[in-house]
Amino acid sequence: MRCRLSTSAAVACLALASSAFAGQPAKREYDTHEYYVLDHNPSGLASYQEVAAALGAEVVEQVGELRDHWLLRVPKPSQSSSDFDPVIDAFHSIRKRAMSSPSSQHLKRDHLHARRLAKAVRSLERQVPRQRTKRWMNLDDHQLNGRADGDNGDSRLNHVMQALDIHDPEFHTQWHLLNLQTPPHDMNVTGVWEMGYTGKGVIAAIVDDGLDFHSDDLAANYWPRGSWDYNDHIPDPLPKLSDDQHGTRCAGEVAAGRNDVCGLGVAYDSKIAGLRILSGAISDADEAASLNYGFQETSIYSCSWGPPDDGRSMEAPSNLIQKAVLNGDPDWEKTSQGRPYSYKYGFGALNGYRFVSAAKTWPLVKPQAWIEMPQIEFNNASMTWDGVMSGGNFIPKEGLTSSMALTSDIMKQHNFEKLEHITVKVWISHMRRGDVEVYLTSPNGIKSILGGKRQYDADATGYPGWTFMTLKHWDENPIGNWTIHVSDQGNDQYNGSFLGWTMNFWGSVIDPTKAILYSERPRPDEDLPDPIFEDEPSSSSTTTTTTTTVAASTTKQYVKPTEHLPDDHDQADGESHNPAFPDHPATNGTSNPAASPSITITPDEGYFSHMGDLLSSSRWLYGGLALIVLFGAGAGVFFWRRRARRAEYQSVADDEMAMTSMLHGGRATDSRRPGAGGTRELYDAFGEVSDEDDDHHYADEETGMRRTGGTPTVRYHDGFLDDDAPESAAVSPAVPYRDDPTPQERARERRDRDGSDSGSGSGSGSWEDAQPSDNEAGRLVR
């Protein structure tokens, strides 16, 4: 076949949904705007619109069919910098304020507002377009055009063409549908067609580089309602570039019509839609949207592309893509159930006729169940926000092993009945990733290679929380010890350490009435993440957590998947006769009994520091709260002693009164009027200000004074009599403190009393020019 495709699914899926499509996506402006995806927590108190406004961003639309995921955008800054991202930095600021301990009423309100916003954000990711590459093979390979001569082959061909009224001139060359040379080596679908299953009522979407829906072989089966061009952001996914051919060819494999034009599709009566994403760079948000576009009606999505298959590149689906998805060979081995299994071909080719026949009476599998095992960590293992790992056990020449046990009680607790597949997550630091080999051994002795030697992979990042998956243990009894083996090539120049690992079991439930969808599983406490990291991640860092994720994608430009191959790769002999992992102990059933020091550890029920779901731990929060309580108790004792010392002082009537009023009785002058005498505001390092100062009476938390009538409350530095005042609070000229007024001041007071009771002054604002009165004066008495 010329593209990868779930052909049997195309034949078998007959259901057709009737719900309507969502609105068409808005046009992207990547040249002028930066885009982000907000995963909104609807149980939070802040709406996604409030969060977007706080981040200074505009809400564009929902991300495809992903519920509670919203695409945001902001104009690109005039000067871009990898160290500055206004949206990510704004969110970091919100988180810091939300995790702070407010020291005043004003800060408390800001703290509570920040908490509302932070709790409403599950993740925030910057979108950077990336180029995907196509999976295809040379179309001039003459091995694809095998045709048998002789009466037997011709007789079979003639029977099929007459029975199904097939007149397509190239049908006899389509060996994958009808192999006349070696009959067992085809998909055996002609019998399915004779049963009446030709794809009618099924819609398949080709997610690729476009679809030539004007083609005579495809026009009749084109489905425009499920089509969209995510590269040019227009409805029609027509090919536009010189190499925009892959998607149309894949579409022909599926739904080329039965006519007299060319060949025949495996489901020639099905409808075909095109989703164009491979003709330019695309963001994770658009890729995720394409995988869900029109899913109410589309039954199958064909995706024959990915990162380069060059033996040295590695890329896992991003968080968004994973969510969208949730919406005769010597390499054969036997599983515990006796099934042949290949690392190249899985459980083998599908027989279309038997597949469809079995589907008629096949009992539905029970809902999904899963078991998340605890993480095992070694020797002070840790990982920073940006993936730098430290600690762990050095990998010796003979490798390392570690085991964890699955019991029947654990299975019952998780309503787990049958095993289907396993995922294993590892943290391995290494100077040359391609030297690392990882395999898993089941309690029944079945070995599954997770990661083999990769000759061309010289990456030095290792495996920082990389997840492997294996299907080799399908239907195996999982109870017992599972052992992981990690080794390298013993090269002293390139070495590494094994920091830790965990594994998840996936299968079917015991009791379907107690099943819980994985997407609806109980989440960790969606309160604020614990501040266990010393520093916030920078705008360009990438983090992965189960609660709050702040990430920025990295721009990547992929080459053609055949770029690294030799010039004669289309004529050279293939490698189907070679094992996938030659001389690997997991393939020949042998291991090195003298080596492999065992590290069998009881799984730690705690959290793996700086790895995995770190931010969901509450232990750090409790520790932080304990420190805050201790600090608060100490501060309380300090202020109680201060208050005791200050109890013998009377309160001064007004912070803005003339300074001489502090020496003897007098009315406070209005320093806001021209010529009025007054003081500069003294610095209050611990004072709190009420946000409702203008509307309500309030108690000053430092002095205990309460506003009465229209007289403002005095606020002053708690220790201004015995502390060194800051420069901003300096008063000049400096006059020594006196309890009793001088004779000159008494005379001036009498003149003021005789002349006016208004309390207003006309002096320059110095001590000598102030004119206090006796009325409403507050005296500071020692």
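Select Asp284 and Arg130 first: both residues are buried in this predicted model. Their side chains form a salt bridge in which the closest N and O atoms are 2.2 Å apart. Asp284 belongs to helix H8 (residues 284–292), whereas Arg130 sits in the loop between E4 and strand E5 (133–134), so the bridge ties together parts that are 154 residues apart in sequence.

Arg132 is buried, as is Asp284. Now extend the selection to Glu287 and Glu315; salt bridges with shared partners join these two residues with Arg130, Arg132 and Asp284 into one network.

Next, select Asp85 and Arg126. A salt bridge connects them, with 3.0 Å between the closest N and O atoms. Asp85 is located in the loop between strand E3 (69–75) and helix H3 (86–99), and Arg126 in strand E4 (residues 121–127); the two are 41 residues apart. Both Asp85 and Arg126 are buried. The model contains 27 salt bridges in total.

Finally, move to His40 in strand E1 (residues 33–40). Is this residue buried or exposed? His40 counts as buried because its relative accessibility is 6%, under the 20% cut-off. To view its surroundings, display Ala46, Ser47, Tyr48, Asp68, Trp70, Ala120 and Arg122, with which His40 is in contact when neighbours within four places in sequence are left aside.

Notes:
Residues numbered from 1 in each chain as written. Predicted model: local features only at pLDDT ≥ 70, side-chain atom pairs only at ≥ 80, totals over all residues. Heavy atoms only, no water. Helix = DSSP H or I, 4+ residues; strand = E, 2+ residues; numbered from the N terminus. Buried < 20%, exposed > 50% of the residue type's maximum accessible area, 1.4 Å probe, protein only. Contact = heavy atoms within 4.5 Å. Salt bridge = Lys/Arg side-chain N within 4 Å of Asp/Glu carboxyl O.
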